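Please look over the chain shown here. The briefing below covers its fold, its strand pairing, its core and a few individual residues.

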Amino acid sequence: MDVHHTIEVAFFLVISMWGNTGQEWEYIGNKVLLQQAMTLEQCEYLINEDMWLAYYANPYYKIMIHCHPENGQLN
């Protein structure tokens, strides 16, 4: 018998706020988590830049969207 087991990790869409120091982007401590678990493929589809339209009045702040694994640490 040839049995294959697949373990699928659930991912969450995370929206976070970042600030620019003039040299690099740094996380500034605010985030929003979509509480609907999904596959990595689904999450990557949703965070694709073509799905979003962003307007920034201040070039030193921006919002970033990430796919975060269910078992990972959200700091």
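Contact here means heavy atoms within 4.5 Å. By that criterion, and not counting residues up to four places away in sequence, Ser 16 touches Tyr 27, Asn 30, Lys 31, Lys 62, Ile 63, Met 64 and His 66. The model is predicted: local features need pLDDT of at least 70, side-chain atom pairs count only at pLDDT 80 or more, and totals for chains, interfaces and linings use all residues. Residues are numbered from 1 along each chain as its sequence is written, and side-chain values use heavy atoms, with hydrogens and water left out.

**Overall fold**

- The chain has 1 helix and 3 strands; these are DSSP runs, with helices (H or I) of at least four residues and strands (E) of at least two, numbered from the N terminus.
- From the N terminus on, the order is β-β-α-β.
- Among contacts with a separation of 6 or more, 64% link residues 24 or more positions apart.
- Of the 75 residues, 16% count as buried. Buried means under 20% relative accessible area, exposed over 50%, and partly exposed in between (1.4 Å probe, protein chains only).
- The accessible surface of the chain is about 6,400 Å², and carbon and sulfur atoms hold 54% of it. Areas come from the Shrake-Rupley method with a 1.4 Å probe; for residues, only the protein chains shown count as cover.

**Strand pairing**

- Strands S1 and S3 run antiparallel and are joined by 9 bridges. Two strands pair if DSSP finds at least two bridges between them.
- Val 14 has His 66 in S3 as its bridge partner.
- S1 also pairs with S2 (residues 25–33), in the antiparallel sense, over 6 bridges.
- Trp 18 stands opposite Tyr 27 in S2.
- The hairpin of S1 and S2 has 4 residues between the strands, and Gly 22 there takes a positive phi near 100°.
- S1 is mostly covered, with 7 of its 10 residues buried.

**Core and disulfide**

- The largest nonpolar core has 5 residues: Phe 11, Leu 13, Met 38, Cys 43 and Cys 67. Such a core is a set of buried Ala, Val, Leu, Ile, Met, Phe, Trp, Tyr and Cys residues joined through side-chain atoms within 4.5 Å.
- Beyond its neighbours within four places in sequence, Met 38 is in contact with Val 9, Ala 10, Phe 11, Leu 13, Cys 43 and Leu 46.
- The structure holds 1 disulfide, meaning a pair of cysteine sulfur atoms within 2.5 Å.
- Cys 43 is joined to Cys 67, at an S to S distance of 2.2 Å.
- Cys 43 lies in helix H1 (residues 40–47) and Cys 67 in strand S3 (residues 61–69), so the bond ties together parts 24 residues apart in sequence.
- The S-S torsion is about -110°, so this disulfide is left-handed.
- Both Cys 43 and Cys 67 are buried.

- Ser 16 sits in strand S1 (residues 11–20). Its relative accessible area is 5%, so Ser 16 is buried.
- The side chain of Ser 16 makes a polar contact with that of Trp 18, at 2.7 Å. A polar contact is a pair of N or O atoms within 3.5 Å; within protein, one must be able to donate a hydrogen and the other to accept it, and residues adjacent in sequence count only if both atoms are side-chain atoms.
- Met 64 lies in strand S3. At 25% relative accessibility, Met 64 counts as partly exposed.
- Leaving aside its neighbours within four places in sequence, Met 64 is in contact with Val 14, Ile 15, Ser 16 and Trp 18.
- The C-alpha atoms of Met 64 and Met 17 are separated by 6.4 Å, with the two residues 47 apart along the chain.
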